[in-house]
Amino acid sequence: MKKLILSILCILSLSLSFIGPSAFASSYEGSDPWPQGPGVYAEAAIVMEASTGLILYEKNIHEIYYPASITKILSSLLIIENSSPGEVVTFSNDAVFKVDLDSSRIGIDVGEQLTIQQCLYGILLESANEVTYAAAEHVAGNIPNFAKMMNDRAKEIGCLNSNFVNPHGLPDDNHYTTAYDMALITREAIKNETFRKIFSTRTYQIPPTNKQSETRYLRNHHKFVLKQEYIYDGTVGGKTGYTSKAKYTLVTVAKRGDLELICVIMKDDTSKHQYEDTIKLLDFGFNNFSIYPVYELENPNIQKESPFFTRYNALLDHSNASVRTDEKGYLVLPNTASFEDAKREVIFYPEAEIKEGRNIIGRISYTYNGMYAGGADILFDNTQTPTLRHSSMNLQPAKGNAAGDNADNDANNNPGNNADKNTDTTSDQEQSDGYFRPVIIALIVGFFVLVIGLYFVLVEKPRIKRRNAYYKKRAERKRYLDDNFLDL
């Protein structure tokens with residue numbers, strides 16, 4: 001019962017911390033709250049923030065285009081999800097000869113064998129079409145089955161306007177996608193650690209096989225990954241694509257700090273322009289947007305701000321709080337906006353959801369400019385809930401103590417008096433317990449009322465101070481921008 005009461009009080013405290021203005025008018029009222037993006041040569045382009053899915057830049061993102069070899073991002077994800085790295089792929093006649101012999105290949109022969117892991121490096125680094133075909137056959141039995149897997153997975157991810165008929169992206173009128181859908185596919189793929197590792201690899205070697213006596217040396221086609229001709233700080237990985245119909249397509253992922261961006265370019269006119277466009281778009285994202293951990297925004301470090309919350313008090317130790325926000329949740333906003341500009345919504349679930357060993361009891365979400373800008377799960381850790389236990393102390397004199405020995409002697413000599421004393425002691429203890437129990441309960445209840453009452457004074461005051469400092473800093477930053485200030 002006490003655990004239940006304490007849990008309710010913890011949830012009530014968190015709920016009270018969410019009370020307040022959900023949103024304030026933008027400090028730049030009357031102006032466009034969203035930064036203006038650069039012009040690009042590509043017919044379609046998008047910049048998406050990876051953790052939230054927030055679209056930072058868009059140009060024709062729902063228009064249909066041919067993807068070319070960036071198709072292989074989805075194919076690789078499916079191969080990883082439906083096989084193990086050590087499985088052996090034997091290349092069929094179709095795999096070798098049913099793809100354009102002039103297209104990107106690494107010279108595999110019929111009957112040659114590679115592991116799934118080797119195939120994945122061949123697919124993502126060298127964009128090898130015969131390897132993609134063979135791995136897809138291995139996973140699904142045939143290409144139509146694999147294409148169905150691709151379309152089903154794309155819909156599961158949230159793609160809106162895509163249709164895939166082959167695993168490699170060679171031209172087909174019925175094989176198409178959009179910049180938005182490719183960003184979603186890439187966002188899903190980079191959650192997979194195996195994909196992420198191969199996606200970011202510069203070079204790889206395939207040793208001699210059952211058909212080939214020489215080592216094959218593979219090299220990533222993406223120039224940011226190779227760090228040749230173009231260098232972009234924070235590049236995680238990328239995939240290139242080109243056909244005469246698709247023109248130049250390019251997917252790039254870059255990360256700086258906690259901010260990870262996905263850039264998709266479709267139907268660019270030259271190889272040079274696709275990289276220049278990507279640099280401009282990634283710079284736009286990193287220079288104009290910031291990411292904030294929801295845990296820090298909604299869970300201020302109370303133990304540094306209030307003497308009532310300290311690591312020396314187990315009941316009030318913030319690190320042992322039963323209700324908290326997930327540390328993996330983030331909020332993304334333009335640099336011209338503040339945390340207070342985001343509209344906040346808190347939902348508590350009727351029943352806790354168990355996911356990855358965590359008790360999820362709700363969700364806090366944010367929107368900005370009408371778009372989802374981030375959020376975090378609200379977690380309840382009942383294993384760390386502090387409990388109060390009442391116990392009585394039975395004090396007895398230590399053996400060998402002179403006073404104790406004398407008391408024993410007196411008891412032996414006067415058994416009647418000893419019985420009377422025992423009766424009186426028991427009676428006094430019961431009266432003492434009966435007297436102090438309501439006092440203790442009253443103190444506990446009063447204590448929690450005091451904590452909740454003081455919360456706003458002790459926590460909100462430092463938060464307001466931080467908020468005012470932020471506004472001051474933002475005002476100075478705007479002044480610097482207006483004056484063309486250059487920070488050397």
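Modeller: Helices here are DSSP runs (H or I, at least four residues), numbered from the N terminus. The model is predicted, with local features needing pLDDT of at least 70, side-chain atom pairs pLDDT 80 or more, and totals for chains, interfaces and linings using all residues. Residues count from 1 along each chain as its sequence is written, and side-chain values use heavy atoms, leaving out hydrogens and water.

Biologist: Okay, at what angle do α2 and α7 pack?

Modeller: Two packed helices are described by the angle and the distance between their axes. For α2 (residues 72-81) and α7 (residues 179-189), that's about 35° and 9 Å (axes are lines fitted to C-alpha atoms over the stretch in contact; angles run from 0 to 180 degrees between N-to-C directions).

Biologist: Is the crossing left-handed or right-handed?

Modeller: Left-handed: the near helix is turned anticlockwise from the far one by less than a right angle.

Biologist: Which residues meet there?

Modeller: From α2, I73, L74 and L77; from α7, M182, I185, T186, E188 and A189 (heavy atoms within 4.5 Å). Six of these are nonpolar (Ala, Val, Leu, Ile, Met, Phe, Trp, Tyr, Cys or Pro), one is charged (Asp, Glu, Lys or Arg) and one is polar (the others, Gly among them).

Biologist: How many salt bridges does the structure hold?

Modeller: Eleven (a Lys or Arg side-chain nitrogen within 4 Å of an Asp or Glu carboxyl oxygen). One of them joins K148 and D152, with the closest N and O atoms 2.9 Å apart. Those two sit four residues apart in helix α6 (residues 143-157), so about one helical turn separates them.
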